[in-house]
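Please open the structure in your viewer and keep the selection tool at hand.

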Amino acid sequence: MAEIKVDPVDDHTMVIPETEISAQKPHRTLRVASLDIFRGLTVALMILVDDAGGEWPMIGHAPWHGCNLADFVMPFFLFIVGMAIPLALKRIPSKGKAVKKVVFRTLKLLFWGLLLQGGFSHAPDKLTYGVDMQMIRFCGILQRIAFAYLVVALAEIFLKDAQSNDIAAGYCSVFRLYCWHWLLGACILILYLAMLYGIYVPDWQFAVHDKESAVYGRVFAVDCNVRGKLNPPCNAVGYIDREILGINHLYLKPAWRRAKACTDNSPYEGPFKNDAPSWCHAPFEPEGILSSISAVLSTIIGVHFGHVLVHLKGHSERLKQWIMMGFALLILGIVLHFTHAIPLNKQLYTFSYVCVTSGAAALVFSAIYILVDIWGLKYMFVPLKWIGMNAMLVYVMAAEGIFAGFINGWYYEDPHSTLVYWIEKHIFIGVWNSRRVGILLYVIFAEILFWAIIAGILHRFGIYWKL
């Protein structure tokens with residue numbers, strides 16, 4: 001399904017004109033290095049927050065309202081996907097070929113999403129595989145990316161007319177050129193808000209299917225009978241997923257389990273309080289249906305940044321557009337949150353969350369663009385560039401723990417007596433005499449830096465895993 005290609009050309013290449021790099025030929029195709037680096041940074045952040053977040057909960061997902069470092073990873077990915085769409089599709093003149101490519105890539109993303117996050121893979125800690133089809137998880141990171149990519153890529157193909165490569169540098173010029181994209185975004189936002197605040201959520205009940213839970217098999221009831229609530233048990237996002245996907249197909253260990261209402265160890269994980277609300281034991285899908293509809297907005301904003309990159313040729317014109325929009329989104333999201341109009345919430349993918357994370361993505365990318373494409377400081381970010389050029393490989397092997405699971409399969413006497421555990425315990429935790437510091441350093445050096453080196457070696461031989 002995925003391809004291992006020996007091919008130096010990627011989807012986000014663009015023409016560098018003579019006016020920008022006089023030494024280059026006018027139509028030479030080069031990669032956008034800052035986009036590779038931003039993608040690599042996002043993959044590295046995912047590994048960091050997934051594998052070190054348990055010991056450092058301030059970088060893990062916020063239990064409910066709020067926004068920690070981990071909560072920026074998904075919208076950063078969606079923003080990057082959006083930016084790459086105009087760069088990839090501009091090189092495909094036929095709409096039919098473009099649609100075929102988009103649909104085929106979507107199907108491959110869905111396949112890998114179900115395989116890696118549907119419950120089939122138990123890596124890296126459990127040396128088993130397989131999933132009960134009655135309990136398979138339908139949604140996940142790659143599934144959400146696939147949905148957003150499909151919607152926005154098809155919009156890019158069908159909602160634009162023949163465009164001129166060079167347009168006026170005015171702030172609204174790119175907005176006017178792609179007004180139908182923004183109309184689609186407005187429709188998505190209206191639909192999302194109407195459903196989030198308009199759908200009635202009745203009482204519901206569930207049985208605990210997590211075999212590791214102390215209350216496995218017990219049935220709990222949750223009282224709701226409300227409309228427009230954004231609390232954990234009674235929001236429309238969870239209700240839609242329970243009704244359409246089925247409660248048995250949702251994520252069993254949502255971040256809200258670390259909420260103060262559920263455990264005295266908050267923000268760390270820990271045993272539930274004796275008087276914890278029943279919903280603390282419930283499953284919840286953080287990449288569910290309604291929240292994924294809202295997530296498309298992150299990709300649409302990313303597409304706008306890609307359009308600016310394609311149409312505006314000067315660095316100053318590009319940065320003016322990106323930075324102004326980034327600050328505008330960031331300020332709007334913060335105002336919505338702190339005025340209690342719409343709280344920041346990754347699980348619900350609220351509009352304020354879209355604004356803050358997209359604004360942050362815009363500013364981070366702009367900073368990388370200045371450092372790399374204007375100041376030429378590429379060598380500082382070479383490891384991140386290597387990761388970004390082989391992002392799928394690093395995601396599967398490191399972020400999803402497939403490589404560590406393979407290594408753990410070779411143990412001595414006890415499944416916890418493996419090379420991975422030995423390195424973690426004796427080289428990192430033991431040396432620093434601190435589990436928190438040791439785990440953090442292990443993730444940085446034995447996972448992120450290790451895979452950066454592997455990706456660099458593969459880059460040296462022109463080998464990339466692409467979807």
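Begin by selecting Ile444, Phe445, Leu449, Ile453, Ile457 and Phe461, which form a nonpolar patch on the surface with about 560 Å² of accessible area together. Such a patch is made of residues with over 30% relative accessible area and no salt bridge, nonpolar side chains (Val, Leu, Ile, Met, Phe, Trp, Tyr) being joined within 5 Å. Accessible areas come from the Shrake-Rupley method with a 1.4 Å probe, and for residues only the protein chains shown count as cover.

This is a predicted model, in which local features need pLDDT of at least 70 and side-chain atom pairs count only at pLDDT 80 or more, while totals for chains, interfaces and linings use all residues. Residues are numbered from 1 along each chain as its sequence is written, and side-chain values use heavy atoms, with hydrogens and water left out.

Remain at phenylalanine 461, in the loop between helix H15 (435-460) and strand E8 (463-466). Helices (H or I, at least four residues) and strands (E, at least two) are DSSP runs, numbered from the N terminus. Phenylalanine 461 counts as exposed because its relative accessibility is 58%; exposed means over 50% relative accessible area, buried under 20%, and partly exposed in between.

Next, select helix H14, residues 419-432. Its 14 residues reach 19 Å from the first C-alpha to the last, close to the 20 Å expected at 1.5 Å a residue; the expected span is 1.5 Å times one less than the number of residues. At lysine 425, H14 bends by about 30°, the bend being the angle between axes fitted to the seven residues ending there and the seven starting there.

Which residues of H14 are buried? They are Val420, Tyr421, Glu424, Phe428 and Ile429. The buried residues of H14 pack against helix H13 (402-408) and H15. After H14 comes asparagine 433, with a positive phi near 55°.

Finally, turn to the salt bridges, each a side-chain nitrogen of Lys or Arg within 4 Å of a carboxyl oxygen of Asp or Glu. The whole structure has 6 of them. Select glutamate 285 and arginine 137, whose closest N and O atoms are 2.7 Å apart in a salt bridge. Glutamate 285 lies in the loop between helix H7 (236-244) and helix H8 (289-311), and arginine 137 in the loop between helix H3 (95-117) and helix H4 (141-158), so the pair ties together parts that are 148 residues apart in sequence. Arginine 137 also forms a salt bridge with glutamate 287, at 2.9 Å between the closest N and O atoms. Both arginine 137 and glutamate 287 are buried.

Notes: Patches are made of residues with over 30% relative accessible area and no salt bridge: like charges are joined within 9 Å, nonpolar side chains (Val, Leu, Ile, Met, Phe, Trp, Tyr) within 5 Å. Buried means under 20% relative accessible area, exposed over 50%, partly exposed in between (1.4 Å probe, protein chains only). Contact means heavy atoms within 4.5 Å.
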